[in-house]
Amino acid sequence: METNRFSLTHQKIYRLSRPHDKLLTRTFCLLIFIIMFTPAGAQINFLTEYLLDRDIVEVPFDYKDHQIIVHGQVDDREGLVFLLDTGASSPVLNKSLGVNGTHIKDTVIQEAEGITPAESVWLSDLRLGEKENSVHVHNIAVLIADLSRMEKFLGHRIDGIVGITFLAGYVTNIDYTGHLLHFSKELSKSEASRHADEQKLFSFGLTDTNPLKVSSCVLLAGQLHTKYDYYFLLDTGFGGYLSVAQSAGLEAGLFKPDTPRIPTTNYSVSRIFQSNKIRANYLMLGSINLSNKVISIDYRNNDAYGQTGIVGNRFLQNYRVTLDYPHRKLWLERATEHDELDDAEKPSLGISVRADGHTIKVERVQANSPAQQSGIRAGDTIISIDGKEIDPEHTASALNMLAIPGKSITLGIKQGADPNFGTSAGLHTVSLKPSSPLDWKAAVSEQDIKHS
């Protein structure tokens, strides 16, 4: 089962147009949507300030498991590790830091499955980058919550999350190739004069998830069908490619009972929710055609109707991303030749093997895979690949060929005991053509439809 290491899937705002219906439905925020307000009687009049140490500040980041990890500080606490998440409205700090701020109120973070307690506070200074080359915000409302489960899911330390209210005063450029964040107050003249060609350079007008808030998450318009408009959250906290809520996928006809799928798992701050990987038969993100791409169909919030889709880093990493938040504009400039293959579409033979230094034995054969279709069974021994016998000296390279088959492959098989007859059928060869697990499912589904 494939796992996307982390998606900060709180409660994202979404807008959905049903077929033949352009009305704006009730919106919900899926990635941290917290309604924060000052309790009655409290006198808090802080003014949020957005400051840069120079005209353009460059902040390096680490790209781990398709997550943007950046270093910064809170007040005088240096060396902190943050997740950059455009799908989170407010910054979040780990409760274990013991950061003190001016209390606003006790609140909660609404997640994909349940809620997490949090405290809303005013913080005097939050910054990213090094001294004299930093971007910082004075007097900003943040949430204090327990992020220990998120650290466990990510597999490394995380001190906090930098959300959209931190980015609201800047033009933010994400260079996935150079692992750099660029912050400025305005677009450069060359950037401002650009015109989208809808081939390499794309332009999006952004929609606020909550028009009543000074700053909120932002949405990109797309389609799940030629007559089904759908909105996607810009979400660098999601390590996947692109996801669609199951309820919307079903209504748009993108996800049907017989659609080939591979079950997988996603994480929110402290909980797990289920997804299916499918190959989208039709999908547009603005003028970008994503039809036939592998995406996630998510079951979250009890599949409450009309949640937004999510655009994550595996999609965004193919572009140089410019988020002009003050003008609600997004530019995507293609930076790569090919998208990274999803695990669900990587060519595979569908076998798990074990080597003991002398032999390679088949431990498991996946249903509907090329290996199963060729008659390979658990307990069989692989004695040759493409006519070359496997010996201890070349076991490692043989394992690599089996794990990452680049072309059709011929295996010499010594069959193990047949579980039905208790006998061995001797030696034989089989030729296998690797294909993606989703294509195995598609072939089976087509057969089922023909015979039904």
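Here is a walk through the nonpolar cores and salt bridges of this structure. It's a predicted model, so keep in mind that local features need pLDDT of at least 70 and side-chain atom pairs count only at pLDDT 80 or more, while totals for chains, interfaces and linings use all residues. Residues are numbered from 1 along each chain as its sequence is written, and side-chain values use heavy atoms, with hydrogens and water left out.

Let's start inside. A nonpolar core here is a set of buried Ala, Val, Leu, Ile, Met, Phe, Trp, Tyr and Cys residues joined through side-chain atoms within 4.5 Å, where buried means under 20% relative accessible area, exposed over 50%, and partly exposed in between (1.4 Å probe, protein chains only). The largest one has 66 residues, and Leu-224, Val-244, Ile-295, Phe-315 and Leu-332 are those with the most contacts inside it. Its largest share, five residues, comes from strand S11 (residues 133-145); strands (E, at least two residues) are DSSP runs numbered from the N terminus. There's also a second, separate core of 16 residues, including Leu-349 and Ile-382.

Now for the charges. A salt bridge puts a side-chain nitrogen of Lys or Arg within 4 Å of a carboxyl oxygen of Asp or Glu, and the count comes to 14. In one of them, Arg-157 pairs with Asp-159 at 2.7 Å between the closest N and O atoms; Arg-157 is partly exposed at 43%, but Asp-159 is buried at 6%.

Arg-328 and Asp-208 also pair up, at 2.9 Å, linking parts of the chain 120 residues apart. Arg-300 bridges to Asp-298 at 3.5 Å, and both are buried.

Terms used. Helix = DSSP H or I, 4+ residues; strand = E, 2+ residues; numbered from the N terminus.
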